[in-house]
Amino acid sequence: QQAKDARKAGEEKGRQFEKRRSERLVQGLEMKLTIANARIAQLKKGTTPQTEGLELEERLVARLQREFPEDHIKHEGKGGDILHTVLVKRKAAGLILYECKRYKTIKRDHVEQAARDKRARQADFAILVTTGARRGFNGLAREGQVLVVAPLAVVALAHVVRAQLIEIARASLSRAERERNALAALDFLTSPV
């Protein structure tokens, strides 16, 4: 009887293992199918991820201009897709650089590009706006000195970052102190708090 029970338990364990394996395979194939269908839709429309990224940039510029009419927002395209100069009493309080990417995954190259552009432009904050996904990404993350955000949350994040820049400007801090404060803000923004 014990041998029969052990055999049945082993068979059941084997079935469960194969069932989980099949489910993983199905999930992988469904993901590939979703990606292929998105690519087919792009080909039918005659677009690429790059041209769709440009559309994302243009919509974001228009939205930022509506949200912050007193600031200077420029669609640059190179060295940062969008440059957002925060103005207080017509005086520059800081610079937010936005890099927009429309890809299925969050690529390390995109984060590095945003960080390079931040340094080159001497921006206070760099925000990578991405439609991509990855394990553990819930719409807001920090990679080094770059904030990674989903398009739906970018305007809310811009409000918070802009408020931080205004406070830093009011404190009349040195460049080194500004950078320390910006890093502290990044830590706070991406913390569980």
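Residues are numbered from 1 along each chain as its sequence is written, and side-chain values use heavy atoms, with hydrogens and water left out. In this predicted model, local features need pLDDT of at least 70 and side-chain atom pairs count only at pLDDT 80 or more, while totals for chains, interfaces and linings use all residues.

**The sheet**

Helices (H or I, at least four residues) and strands (E, at least two) are DSSP runs, numbered from the N terminus. Strands of a sheet pair through backbone hydrogen bonds, either parallel or antiparallel. Here two strands count as paired if DSSP finds at least two bridges between them.

An open sheet is formed by six strands in the order β1-β2-β3-β4-β6-β5, with mixed pairing. Its edge strands, β1 (72–75) and β5 (140–143), each pair on one side only. On average, neighbouring strands of this sheet are turned by 20° against each other, direction ignored. Axes are lines fitted to C-alpha atoms, for helices over the stretch in contact, and angles run from 0 to 180 degrees between N-to-C directions.

β3 (residues 91–101) and β4 (residues 125–130) run parallel and are joined by six bridges; K101 stands opposite T130 in β4. β2 and β3 are antiparallel, with seven bridges, and H84 faces I96 in β3. Four antiparallel bridges link β1 to β2, where I73 stands opposite H84. β5 and β6 are also antiparallel, with four bridges, and L140 stands opposite V149 in β6.

| Hairpin | Residues between the strands | Residue in the turn and its phi |
|---|---|---|
| β1 and β2 | six residues | G77, about 95° |
| β2 and β3 | two residues | K89, about 50° |
| β5 and β6 | two residues | G144, about 65° |

Contact means heavy atoms within 4.5 Å. Helix α4 (residues 154–170) packs on the sheet and touches β2 (82–88), β3, β4, β5 and β6 (146–149); its direction makes about 155° with that of β3. Helix α5 lies across β3, β4, β5 and β6, and runs at about 140° to β5. In β5, A141 and E143 make up the covered face, and L140 and R142 the uncovered one.

**Residue D71**

D71 is found in the loop between α2 (49–67) and β1. This residue is buried, with a relative accessible area of 9%; buried means under 20% relative accessible area, exposed over 50%, and partly exposed in between (1.4 Å probe, protein chains only). Apart from neighbours within four places in sequence, D71 is in contact with H84, T85, V86, L87 and R162.

**The largest cavity**

On a 1 Å grid over the protein atoms alone, a cavity is a set of points where a 1.4 Å probe fits but cannot get out, and lining residues have an atom within 4 Å of a point. Grid points are joined across faces, edges and corners, and a volume is the space filled by probe spheres set on the points.

The whole structure holds one cavity of 30 Å³ or more. The largest cavity contains about 90 Å³ of space. Among its lining residues are K118, F125, Q145 and R175. Helix α5 (residues 175–189) gives the most to this lining, with six residues. The lining divides into five nonpolar, one polar and five charged residues. Ala, Val, Leu, Ile, Met, Phe, Trp, Tyr, Cys and Pro count as nonpolar, Asp, Glu, Lys and Arg as charged, and the others, Gly among them, as polar.

Notes:
On a 1 Å grid over the protein atoms alone, a cavity is a set of points where a 1.4 Å probe fits but cannot get out, and a pocket is an open set with protein on both sides within 12 Å along at least five of seven lines; lining residues have an atom within 4 Å of a point.
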